[in-house]
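I opened a notebook page for this chain and list below what I looked up, entry by entry.

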Amino acid sequence: MLMMVSNFQVHVIDENDNSPTFEQHVYQGHIPENSKVGTKVILARKITAVDPDISDKNGVKLELHGKDSDKFKLNPANGDVYLATDKLDREEKEVYYLRLKATDSVGNIGEGQLVIHVTDRNDHQPKFIKLQVLDSRLVSVAKDKVWVGSGVGAPVLDMSETVPPGTRI
């Protein structure tokens with residue numbers, strides 16, 4: 001009986017059949033209103049997507065989509081997001097919901113979401129809708145003025161006439 005032993009090396013080629021995946025389904029970020037074009041959105045976690053296919057040497061292409069996605073720019077190399085257009089106004093829109101898209105070299109697609117919150121800056125003067133005096137102990141009414149509270153620095157309202165407690169202004 002004759003027996004032969006041989007060693008073989010087998011290379012398994014990975015087929016690019018998996019879609020890229022984001023490390024998180026939803027990414028959160030914020031940016032102050034009235035920021036200049038090019039301001040970086042502060043992200044809670046860096047946006048990253050991976051492709052489990054080892055044969056995909058070209059990596060993953062990252063893109064932003066959805067309504068108002070043109071207001072932001074995603075750097076596909078590092079996952080940073082920047083303001084791309086005019087200033088944002090929180091009083092007009094507080095939150096932007098954007099779709100993230102990751103595409104590999106053969107067109108397999110993975111999706112995620114980016115939620116950008118616009119943080120408020122004190123850029124508007126306060127407006128009084130109405131003032132109602134409920135307790136005369138906290139309000140001093142004098143000629144043409146009303147002091148709310150007591151002590152130095154108490155707010156002062158200029159009045160055209162003396163207003164008794166309980167009067168709506």
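I take two strands as paired if DSSP finds at least two bridges between them. Helices (H or I, at least four residues) and strands (E, at least two) are DSSP runs, numbered from the N terminus.

**Entry 1: ground rules.** I am working on a predicted model, where local features need pLDDT of at least 70, side-chain atom pairs count only at pLDDT 80 or more, and totals for chains, interfaces and linings use all residues. I number residues from 1 along each chain as its sequence is written, and side-chain values use heavy atoms, with hydrogens and water left out.

**Entry 2: the hairpin.** I looked at β8 and β9, which form a hairpin with five residues between them. In the turn, G107 has a positive phi of about 95°. I found nine bridges joining β8 to β9 (residues 109–119), and the two run antiparallel. V95 stands opposite H117 in β9.

**Entry 3: the sheet around it.** In what order do the five strands of the open sheet lie? I read β3-β2-β9-β8-β5, with mixed pairing. The edge strands are β3 (42–43) and β5 (61–65), each pairing on one side only.

**Entry 4: whole-chain counts.** I counted twelve strands and zero helices in the protein chain. For burial I use relative accessible area: buried is under 20%, exposed over 50%, partly exposed in between (1.4 Å probe, protein chains only). Of the 169 residues, 28% are buried. The accessible surface comes to about 12,200 Å², with 53% of it belonging to carbon and sulfur atoms. Those areas come from the Shrake-Rupley method with a 1.4 Å probe; for residues, only the protein chains shown count as cover. I also checked contacts (heavy atoms within 4.5 Å). Among contacts between residues at least 6 apart in sequence, 63% join residues at least 24 apart.

**Entry 5: aromatic pairs.** I searched for rings of Phe, Tyr and Trp (its six-membered ring) with centres within 6.5 Å; planes under 30 degrees apart count as stacked, over 60 as edge-to-face and the rest as tilted. The search of the whole structure gave two pairs. F22 and Y27 are edge-to-face, at 6.3 Å centre to centre and 75° between the planes. Both of these residues, F22 and Y27, are buried. F72 and Y96 are also edge-to-face, at 5.4 Å centre to centre and 70° between the planes. F72 is in β6 (residues 72–74) and Y96 in β8 (residues 95–103), so this pair ties together parts 24 residues apart in sequence. F72 and Y96 are buried as well.

**Entry 6: salt bridges.** My criterion is a side-chain nitrogen of Lys or Arg within 4 Å of a carboxyl oxygen of Asp or Glu. How many salt bridges does the structure hold? I get six, and I wrote up several, including D80 with K40, where the closest N and O atoms are 3.6 Å apart. D80 lies in the loop between β6 and β7 (81–83) and K40 in the loop between β2 and β3, so the pair ties together parts 40 residues apart in sequence. D80 counts as buried at 15% relative accessibility, whereas K40 is partly exposed at 40%.

K93 forms a salt bridge with D68, the closest N and O atoms being 2.6 Å apart. K93 sits in the loop between β7 and β8 and D68 in the loop between β5 and β6, 25 residues apart. I have K93 as partly exposed at 27% and D68 as buried at 17%.

R99 and E111 form a salt bridge with their closest N and O atoms 3.9 Å apart. R99 is in β8 and E111 in β9, twelve residues apart. R99 is partly exposed at 43%, and E111 is exposed at 52%.

Entry 7: I looked up S69, found in the loop between β5 and β6. Is S69 buried or exposed? S69 is buried, because its relative accessible area is 15%. Not counting residues up to four places away in sequence, S69 touches L64 and L98.
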